[in-house]
Amino acid sequence: MSEDHSTDGGTLPLRTTVNKLLYLFFGNLLSIAFTIGLYADNSDSHIVRIYTPESSFSDSSDHSSYYKDLLDLIMPSGMIAYELQITPHMRSAHLFNADPRSCRLPSNLRTLSKHFGRPVPEKFIKSRAFSHNQVVVFSAPGTIPPATPEDMAGKRIAAPTGSRYLQPFKEQSLTIVHTDTDLQRTEILMAGRVDLMLASLPSVKTIFRKLNGPWPVYDPTFLLESYTLYLACHPTPQTRELIKFVNQRLAAAEKNGKLRQLSERHGRSLDVPNTKH
């Protein structure tokens, strides 16, 4: 298995220099005090920090509009306090794991354990699921998609950066091309630069709907992973309240149909996907 991978030179007056130094000193002191206060274990209250990957929430993400609408539905502004911190995918997972008063959205503890290469502690709490995902292997339209690991032998496959789903297939002599987004993977598959691509359903439907023609195909019997997505948190009084609030909102959205409407509006049907579209 292989991988493609200024100043003008002048001097400031003494008083200006001293003032700047004092400003920097007290500014740094306030920053340190704020950080200590934020993470102090004996604090009675705090705003929950939610780590989230760029692939879900950044403005350039293929899926940002879905997740932003999801937040408006389950954690509307003004009804619950939280701080959203958008970072690269693996960094968001590591920050969440290290921050004992935080949450991560979207999350699945089993898939996180695969990323870390070790079991994720069972202490984490989680909300109701809002999406069901399947990780599958696509081939170009008009081709026969792989139905077994042997069918991938010697192929070039586009996969998410940092993904570990292909590690069990080292014997298949795959050439892995790492990319950051579903859009990039779809583009190089359709251009014939790779033979296969790894993606999650139903989220990749967001990209496929933009194609002017047939969609890439997959074999529904060849699943690399099947999992649900939810909000996961370290257990604290504040995160327990957040989970309780989110569960109430999700239950209501499921009952009144708003969660399904949201998913269908973004091409992310909650139904188990198949090869038809």
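How many salt bridges does a search of the whole structure find? The search finds seven, a salt bridge being a side-chain nitrogen of Lys or Arg within 4 Å of a carboxyl oxygen of Asp or Glu.

This is a predicted model, in which local features need pLDDT of at least 70 and side-chain atom pairs count only at pLDDT 80 or more, while totals for chains, interfaces and linings use all residues. Residues are numbered from 1 along each chain as its sequence is written, and side-chain values use heavy atoms, with hydrogens and water left out.

**Salt bridges**

| Pair | N to O distance |
|---|---|
| E83 and R49 | 3.5 Å |
| R265 and D69 | 3.6 Å |
| D182 and R185 | 2.7 Å |

Helices (H or I, at least four residues) and strands (E, at least two) are DSSP runs, numbered from the N terminus. Buried means under 20% relative accessible area, exposed over 50%, and partly exposed in between (1.4 Å probe, protein chains only). E83 is partly exposed at 31% relative accessibility, whereas R49 is buried at 11%. R49 and E83 are also linked with D99 in a network of salt bridges.

D182 and R185 sit three residues apart in helix α6 (residues 182-190), about one turn of the helix. Both D182 and R185 are buried.

**Nonpolar cores**

A nonpolar core is a set of buried Ala, Val, Leu, Ile, Met, Phe, Trp, Tyr and Cys residues joined through side-chain atoms within 4.5 Å. The largest has 39 residues, of which F130, L166, L224 and L231 touch the most other members. A second, separate core of 14 residues includes V136, A158, L189 and Y218.

Contact means heavy atoms within 4.5 Å. Leaving aside neighbours within four places in sequence, the contacts of L231 include I50, C103, S127, F130 and V246. S127 is in the loop between β5 (125-126) and β6 (131-139). With a relative accessible area of 7%, S127 is buried. Beyond its neighbours within four places in sequence, S127 has contacts including Y230, L231 and L250.

**Helix α4**

In helix α4 (residues 89-98), the residues S92, A93, L95 and F96 are buried. Seen down the axis of α4, its buried residues fall within an arc of 165°, so they line one face of the helix. The arc is that of the directions from the helix axis to the C-beta atoms.
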